[in-house]
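I opened a notebook page for this chain. The entries below follow the order in which I looked things up.

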Amino acid sequence: MIFHVTIEVLRSKDSYAVVVKIIKDTRPDIKLKFEAMKPLVVFLFSILIVVESVWQNPGFCGTYECPEYTLDEQGKGYEKRFYATATWVSTSAAGSYKNATTTTFSKLQSYLKQLNAEAMAVPYVTMMFPTVGLNVVQNFTQFFFIKPALRPAPEPIDTSIQLKVVPPKHLYIRTVPGHVTSTADWVKQANLLASSINDTSKYYGTFFFTAEYNLPSESGKRYSEVWFYAMN
């Protein structure tokens, strides 16, 4: 008994769909044709594997594009992810957390708008260096993710803004509930991530990153994370 198998891959803006049609064929001469078609059948099923592996934005990215990653480990109170190579744009500012990150956000957003009216992506990431207790060094570097479609991005005219291609990285990550607005609260979240990992040999503890997936002007429920660079 022989069946005709038709596989059609349909692509929309944000997703793929696979349509499979199977039709029974009882003609005696069809077996020879089927044997000759085996390589094509293998190829078509390989397409299914490729389609299955296409990156899809997680729900917490909302309507924005975000960097690709795979999940290495689901721990208690943390995830370990592997991020692919990505391009980021960054700038730094000194002062209080609120004032410094307001400055850096404005500068980076202006750069992105010069590239494309819809260039904004998430997360926007801030690097922090903890000191004693719940304090951090009052100097902050913020990074915006550059969408793959906008690469290679032009060099910024403002020399205080830098483009950086970040190689593949393993990260330990904690989901942060609610809206965090102070360095003390961010440090608390970083300490909770460290407690969950419970092994200082697995990550770099001299700095951490905050990752925010909602614009400062957005209201309602927010999603944020704390990141540690993994040692390996």
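I took a salt bridge to be a side-chain nitrogen of Lys or Arg within 4 Å of a carboxyl oxygen of Asp or Glu. With that rule, I searched the whole structure and found 4 salt bridges.

Notes on the source. I am working on a predicted model, in which local features need pLDDT of at least 70 and side-chain atom pairs count only at pLDDT 80 or more, while totals for chains, interfaces and linings use all residues. Residues are numbered from 1 along each chain as its sequence is written, and side-chain values use heavy atoms, with hydrogens and water left out.

Salt bridges. I looked up arginine 81 and found its side chain in a salt bridge with glutamate 79, at 2.8 Å from N to O. Both arginine 81 and glutamate 79 are buried, where buried means under 20% relative accessible area, exposed over 50% and partly exposed in between (1.4 Å probe, protein chains only). A network of salt bridges links Glu79, Arg81 and Glu225.

I then went to lysine 107, which bridges to aspartate 158 with the closest N and O atoms 3.8 Å apart. Lysine 107 is in helix α2 and aspartate 158 is in the loop between β7 and β8 (162-166), so the pair ties together parts 51 residues apart in sequence. Lysine 107 is partly exposed at 25% relative accessibility, and aspartate 158 is partly exposed at 34%.

Lysine 188 and aspartate 185 form a salt bridge at 4.0 Å, N to O. Both lie in helix α3 (residues 183-197), 3 residues apart, about one turn of the helix.

Elements. I used DSSP runs numbered from the N terminus: helices are H or I of at least four residues, strands are E of at least two. The chain has 3 helices and 11 strands. Of its 232 residues, 38% count as buried.

Aromatic pairs. I paired rings of Phe, Tyr and Trp (its six-membered ring) if their centres lie within 6.5 Å; planes under 30 degrees apart are stacked, over 60 edge-to-face, and the rest tilted. The count is 18 aromatic pairs. Phenylalanine 60 and tyrosine 213 are edge-to-face, 5.1 Å centre to centre with 80° between the planes. They are 153 residues apart, with phenylalanine 60 in the loop between α1 (30-52) and β3 (69-75) and tyrosine 213 in the loop between β10 (208-212) and β11 (224-229). Phenylalanine 60 is partly exposed at 23%, whereas tyrosine 213 is buried at 3%.

I also checked the pair of phenylalanine 209 and tyrosine 229, which is tilted at 5.2 Å and 45°.

Charges over rings. My criterion was NZ of Lys or CZ of Arg within 6 Å of the ring centre and within 35 degrees of the ring normal. Lysine 169 lies over the face of tyrosine 229, 4.8 Å from the ring centre. Arginine 81 lies over the face of tyrosine 69 at 4.5 Å.

Cores. I defined a nonpolar core as buried Ala, Val, Leu, Ile, Met, Phe, Trp, Tyr and Cys residues joined through side-chain atoms within 4.5 Å. Which residues touch the most other members of the largest core? They are Trp88, Met120, Phe144, Tyr213 and Trp227, out of 36 residues. Helix α2 gives the most to this core, with 4 residues. Another core, apart from it, has 21 residues, among them Tyr172 and Val226.
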